[in-house]
Amino acid sequence: MITDPKDERSESQWKRRSASNSLAECEPKDGCVSEASGHANAARQGAGTTARGQSLELVPASCYSMEALTAAYNQTRIDYIVPMPMNVARLEAYIQHYDCDLGRSVVARLGGEVLGLAMLGVRSRRTWITRLGVLPVSRRNGSGEAMMRYLIDRSRDLGAEDSILEVIKNNVPAQQLFTKLGFRVTRELLILRRPPGLPVVDAPAYRVTAGDQQRALELLRRRRSVPSWLDETQSLRNCGGLLSLEVSLDDGSHGWLVYQSTVFQLGRLVLQTESGNPARVAQALAHALHTRHPIQDTKTENIPADDPHLPGLLAMRYLESFRRMEMRLDLTNGS
Ligand SMILES: CC(C)(COP(=O)(O)OP(=O)(O)OC[C@H]1O[C@@H](n2cnc3c(N)ncnc32)[C@H](O)[C@@H]1OP(=O)(O)O)[C@@H](O)C(=O)NCCC(=O)NCCS
């Protein structure tokens with residue numbers, strides 16, 4: 001079980017880490033006030049109290065070190081459908097890229113032992129729930145629901161109009177939980193992969209212009225598609241390393257691609273067709289991309305299932321890795 005390693009480390013170490021991560025510094029006396037869970041399941045077991053007389057506590061995640069949060073995340077996901085282990089650096093980057101607010105994120109604990117965590121991304125009048133997990137041995141005791149209710153309450157405190165999340169398709173426990181709390185499916189999102197290598201399929205003839213991050217951000221200002229939280233322009237700007245390609249086809253079609261290029265991987269693809277056939281434009285863009293970057297693996301997340309560029313990407317040998325359901329909770333109705 002995970003306890004709070006903040007206790008095991010000097011205060012100066014903690015302050016240094018908090019400052020370097022721009023995380024809210026947590027003074028244990030003032031900042032780590034817990035809420036007892038008022039959740040119905042907990043009530044069923046006796047007002048959130050176990051046989052040992054311990055009650056479920058909900059504590060801001062900012063009270064914990066990044067090491068503890070990383071360990072908690074990995075242990076709650078040990079049996080996850082799609083393995084996604086994290087290290088401290090990756091979790092820190094995730095928090096920064098997606099504007100997660102650890103002061104409004106939550107750790108659930110019982111008798112000092114961490115049972116689970118969930119994080120809240122915060123952007124203008126909207127929140128995003130992510131990284132929810134409960135240790136396998138502690139599930140079905142109300143902790144997941146209690147943490148979700150905590151994050152929804154924080155979202156309401158902020159005056160958010162809605163809260164969104166994504167759940168892997170066929171993750172029945174999580175989807176049931178979200179449905180119970182009023183979240184409704186908005187759309188299906190695909191995670192696509194392509195192995196490294198030059199294009200193996202021809203595309204329609206095209207002319208291509210490459211651009212830097214500044215051009216990529218200019219193109220994103222023209223974006224018409226509705227992005228998921230992961231590929232909102234704010235996320236892409238936070239992630240950096242953006243490049244662009246613009247193609248013109250002989251039939252007059254033209255469009256652009258914004259993407260992120262890192263040493264081993266291409267990703268975060270945003271495609272837009274300005275005129276013509278989106279599938280043909282996507283084929284040309286993918287051809288140009290992989291001709292330019294033949295050695296990188298490609299992984300791009302959250303392409304809507306009804307995106308008109310999808311057939312073009314699939315024709316260029318992109319493979320569907322898995323699907324997520326995007327779900328939304330309307331917070332404007334006061335219920
Ligand atoms: C999803 C998860 C967080 C739920 O946590 P939990 O503490 O077990 O859930 P709770 O005990 O609070 O259950 C609350 C509700 O969730 C739903 N639920 C939870 N587990 C379920 C299961 N195995 N089957 C069906 N519904 C389930 C039910 O609606 C339940 O309400 P009920 O008790 O009135 O039936 C947990 O299963 C988990 O950590 N899974 C692995 C990580 C994961 O999938 N995270 C979500 C990523 S989007």
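Mentor: Gladly, and let us start with two helices: M66, E67, L69, T70 and Y73 in helix 4 meet V88, L91 and E92 in helix 5. Keep in mind that this is a predicted model, where local features need pLDDT of at least 70, side-chain atom pairs count only at pLDDT 80 or more, and totals for chains, interfaces and linings use all residues. Residues are numbered from 1 along each chain as its sequence is written.

Trainee: What makes two residues count as being in contact?

Mentor: Their C-beta atoms, placed from the backbone, must lie within 7 Å. The helices themselves are DSSP runs of H or I with at least four residues, strands are runs of E with at least two, and both are numbered from the N terminus. By class, the contact of helix 4 with helix 5 has 5 nonpolar, 1 polar and 2 charged residues. Here Ala, Val, Leu, Ile, Met, Phe, Trp, Tyr, Cys and Pro are nonpolar, Asp, Glu, Lys and Arg are charged, and the others, Gly among them, are polar.

Trainee: Why are helix 4 and helix 5 called roughly perpendicular?

Mentor: Helix 4 (residues 66-76) and helix 5 (residues 88-97) pack at an angle of about 95°, with axes 9 Å apart. Angles of 65 to 115 degrees count as roughly perpendicular, so helix 4 and helix 5 get that name.

Trainee: Now the arginines: why does R131 count as buried?

Mentor: A residue is buried if 20 or more other C-beta atoms, placed from the backbone, lie within 10 Å of its own, exposed if 12 or fewer, and partly exposed in between. R131 has 24 such neighbours, so R131 is buried. R131 sits in strand 5, and its phi is near 60°, a positive value in a residue other than glycine.

Trainee: And how do you know whether R140 is buried or exposed?

Mentor: R140 has 9 C-beta neighbours inside 10 Å and therefore counts as exposed. R140 lies in the loop between strand 5 and helix 6, and its phi is positive too, about 65°, although R140 is not a glycine.

Trainee: What makes strand 6 and strand 13 a pair?

Mentor: DSSP must find at least two bridges between two strands. Strand 6 (residues 162-168) and strand 13 (residues 319-330) have 7, in the antiparallel sense, and V167 has M325 in strand 13 as its bridge partner. Strand 7 (residues 184-194) also pairs with strand 13 in the antiparallel sense, over 9 bridges.

How values were computed
Axes are lines fitted to C-alpha atoms, for helices over the stretch in contact, and angles run from 0 to 180 degrees between N-to-C directions. Angles under 35 degrees count as roughly parallel, over 145 as roughly antiparallel, 65 to 115 as roughly perpendicular and the rest as oblique.
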